[in-house]
Amino acid sequence: MADSNITKRALAQAMKGLMAKQPFSKISVGDICEACGMNRKSFYYHFRDKYDLVNWIFYSEFLASVQVAQCTNNEEFLESICRYFYSERSFYRNALRIEGQNSFQDYFREMVGPLLINFSKDLVPHHTNPEFAVNFIGDALLAALIRWLTEANPLPPDEYLAQVHEMLDSFACILHPDHRTNRPEQSH
């Protein structure tokens, strides 16, 4: 098991290094193997294809980095997601652009969907269709992350999150005029 993880991590590091320099579509399994000094047989022993490797990187690193169980509220959850993606933006800037049947975006939705259930319950507690709320919030989060991370110079997480909170507060006030947050007024 330890050897397996060492091999997977070496392949992951090679993939991340390559994706920092070139588009995913230009990277072959041979390029990945060459970058870490392994043969294709080793690659295919651990991963079905390069899409599977990208998904494994997200799964293994995201879950290790974003301690969902330790987040006491939705704000901490969102903050941990943003900090993780920002710290790994050179990789995810490229991964989020993968399109097609095995796209990272689809995998992201699949993996983050269950985590968004409590998040959506807090945001829209009286929604009659929880599945719709999770999908809506997941799609909005993904679209916002893509736009943010693919900008030439994305805002640091604290600035980005401040803008996200301002937008959420504005929407809450529009939908529920009696809603007022306890955030200090910001000058515009």
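**Helix α5 and its two partners**

Let's start where α5 passes α9 in a right-handed crossing, that is, with the near helix turned clockwise from the far one by less than a right angle. Helix α9 spans residues 130-150, and its axis and that of α5 come within 11 Å, crossing at roughly 35°. Axes here are lines fitted to C-alpha atoms over the stretch in contact, with angles from 0 to 180 degrees between N-to-C directions; helices are DSSP runs (H or I, at least four residues), numbered from the N terminus. On the α5 side, L78, I81, C82, F85 and Y86 make the contact, meeting L141, L145, W148 and L149 of α9 (heavy atoms within 4.5 Å).

A word on the model: it is predicted, so local features need pLDDT of at least 70 and side-chain atom pairs count only at 80 or more, while totals for chains, interfaces and linings use all residues. Residues are numbered from 1 along each chain, and side-chain values use heavy atoms, leaving out hydrogens and water.

Now turn to α4 (residues 50-65), which packs against α5 (residues 74-87) at about 130°, the axes 10 Å apart. The contact joins I57, F58, E61, F62 and S65 of α4 to I81, Y84 and F85 of α5.

Finally, the cysteines. C82 has 1% relative accessibility, so it counts as buried (under 20% relative accessible area, 1.4 Å probe, protein chains only). C33, at 3%, therefore counts as buried too. The structure holds 0 disulfides, meaning pairs of cysteine sulfur atoms within 2.5 Å; for C33, the nearest cysteine sulfur is that of C36, 6.0 Å away.

Conventions. Helices (H or I, at least four residues) and strands (E, at least two) are DSSP runs, numbered from the N terminus. Buried means under 20% relative accessible area, exposed over 50%, partly exposed in between (1.4 Å probe, protein chains only).
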